Amino acid sequence: DSEIEDSLMGVEFAYDGITGRLGHRGDVRKGTADFNMAMRAFSFSVSMGMSGMSALMELSNALFETSTMVMLKSMPSYRKLMTDAANGKLSDNVVQELVEGLGLGNEVAMGRFNNFNRFENSNLEGVIAPEASGFGKFAGEAQQKVAYWSGLQGVTQTLRRLSMLQYTNAWGTAIKKGKMPFHPAKLEQLGLDENKIKALMKDMETHSIITNDGRVTKLNLDAWSDEGREAFQASGFKEARQSVQEMNIGSSNPLLRSELGKTYFQFLSFPLASMEQQAARLAVRGARGDTTVAKIMTAAALQGSLLYTARVYLNAEGRSYREKYIKDNLSLERRIAGSLSQIGAFALFGTIYSVATSVGQGQNNSSMMTPAVVGIGEAAGQTLWNAGEYVFQGKDWTENDWRKFLRLAPLQSLYGFRQLLNHTANELGN
């Protein structure tokens, strides 16, 4: 039966992913895998210079999953940690306990040692790749620089720490008030049943230091029981990786994790995963009466429209047709699609809406569905064609021709570089 076979393949895929065997399946030759990895790294370095701005969209998830009072309690602790870190200190702070206990919130330091990032498939297979050479090494180093200078790593680390701190203080406040910190639907999604909740709250109340207003100043996880500690760590880990999304085995499949899939769906894997990790999760909670969802979506919609507008103005700077570019991209249809695409839970809907709207208006918007690596190849091919026309026919390059050529350079999509590129293309083409 095909349905049973599909189910068995899904179970085997999940098992291999959890145990670390997935990275050793070897669906292609090593040379092919290395080339694909290098091209994905190069594609990231060319395209993702504004990924930190995209990551900022998850601020609404990190902040508004808890009450306003919990959020206000979390700010002093986080500010103190940032002040100590700026002075070269690692204080005995609850945030530092969370970083060590949950294994998250240290993305900037980890980014120095690997080329994997959460916007581009992460490293679900647990692959420990040997150091690349030649083009692969160059592309990997460029990818690391873009992940850092775009703000992706810094924003992710900040939001993860904030999410973990908010989660901890939500439990501290609940203990002081004698009630549950979250709606039952959310607790179920975090894998917390009645026994785990009791163990978690009992251990936190007994061993952690909690102020009278519910702010946790020290966890002392080492003193907790195994059941309480495991419940807190597992649920906190899941909360931080859902609020500040990172793909997991449950939101992927064998096609997306194949070498071809990772290349073809390089930047589509994240919005595809958000359908399960954010859209479906929030929809279930909303259907069961969790009013927090409305608060998160309202904040995300406002933030999405502001960030999309900011991106349009940044991308317009330096173009000879700046005003037309802004007017076209801030039309009602594009503003709706652009704002939706900024929101994790609606990212895929934004892409679908944009493509469908363009088709309905008789426009060709197929580039939105073109793999990033293929798009780079097309731009390189067009540049060679334009060069040939200039050499043999004396045809001058237009502003767009120069922009297409300059956009093949790594790091060019970083803030400031993109505007300089636009100015350069404008000068050379006009």
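# A walk through a helical chain

In the protein chain, take the contacts with a separation of 6 or more: residues 24 or more positions apart account for 75% of them. This is a predicted model. Its protein chain has 22 helices and two strands. The chain holds 430 residues, and 48% of them count as buried.

Start with the largest nonpolar core. It has 30 residues. Those with the most contacts inside it are Trp171, Leu192, Met204, Leu219 and Phe232. Which helices each supply at least two residues of this core? They are helix 6 (94-102), helix 9 (152-177), helix 11 and helix 12. Helix 9 gives the most, with seven residues. A second, separate core has ten residues, including Met57, Val293, Ile296 and Met297.

Take helix 9 and helix 11. They pack at an angle of about 85°, and their axes are 10 Å apart. That angle makes helix 9 roughly perpendicular to helix 11. On the helix 9 side, the contact is made by Thr168, Trp171, Gly172, Ala174 and Ile175. On the helix 11 side, the partners are Ile197, Leu200, Met201, Met204 and Glu205. The residues of this contact of helix 9 with helix 11 divide into seven nonpolar, two polar and one charged.

Helix 11 (residues 194-207) also packs with helix 12 (residues 226-243). Here the angle is about 105°, with the axes 8 Å apart. So helix 11 is roughly perpendicular to helix 12. Helix 11 brings Asn195, Lys196, Ala199, Leu200, Asp203 and Met204 to the meeting. Helix 12 brings Glu227, Gly228, Arg229, Ala231, Phe232 and Ser235.

Leave aside residues up to four places away in sequence, and Phe232 touches Leu98, Leu102, Tyr167, Thr168, Leu200, Met204, Leu219, Leu221 and Trp224. Phe232 is also one of the core residues with the most contacts inside the core. The other residue is Ser235, again in helix 12. Is Ser235 buried or exposed? Ser235 has a relative accessibility of 1%, so it counts as buried. Its contacts, leaving aside neighbours within four places in sequence, are Tyr167, Leu190, Leu192 and Leu200.

Asn220 counts as partly exposed because its relative accessibility is 25%. Another positive phi occurs at Leu411, where the value is near 75° in a residue other than glycine. Leu411 lies in the loop between helix 21 (399-406) and helix 22 (417-429). With 23% relative accessibility, Leu411 counts as partly exposed.

Next comes Glu107, a residue of helix 7 (residues 107-110). Does a charged residue such as this end up buried or exposed? Glu107 counts as buried, because its relative accessibility is 16% and the cut-off for buried is under 20%. Its side chain reaches the backbone nitrogen of Gly105 at 3.3 Å. Not counting residues up to four places away in sequence, Glu107 touches Gln153, Thr156, Gln157 and Arg160.

The last stop is Ser305, found in helix 16 (residues 292-316). Ser305 is partly exposed, with a relative accessible area of 24%. Where does its side chain make a polar contact? A polar atom of the Ser305 side chain lies 2.8 Å from the backbone oxygen of Leu302. Ser305 can also be placed against Ser341, 36 residues apart from it along the chain. The C-alpha atoms of Ser305 and Ser341 are separated by 9.8 Å.

Key
Residues are numbered from 1 along each chain as its sequence is written. This is a predicted model: local features need pLDDT of at least 70, side-chain atom pairs count only at pLDDT 80 or more; totals for chains, interfaces and linings use all residues. Side-chain values use heavy atoms; hydrogens and water are left out. Helices (H or I, at least four residues) and strands (E, at least two) are DSSP runs, numbered from the N terminus. Buried means under 20% relative accessible area, exposed over 50%, partly exposed in between (1.4 Å probe, protein chains only). A polar contact is a pair of N or O atoms within 3.5 Å; within protein, one must be able to donate a hydrogen and the other to accept it, and residues adjacent in sequence count only if both atoms are side-chain atoms. Axes are lines fitted to C-alpha atoms, for helices over the stretch in contact, and angles run from 0 to 180 degrees between N-to-C directions. Angles under 35 degrees count as roughly parallel, over 145 as roughly antiparallel, 65 to 115 as roughly perpendicular and the rest as oblique. Contact means heavy atoms within 4.5 Å. A nonpolar core is a set of buried Ala, Val, Leu, Ile, Met, Phe, Trp, Tyr and Cys residues joined through side-chain atoms within 4.5 Å. Ala, Val, Leu, Ile, Met, Phe, Trp, Tyr, Cys and Pro count as nonpolar, Asp, Glu, Lys and Arg as charged, and the others, Gly among them, as polar.
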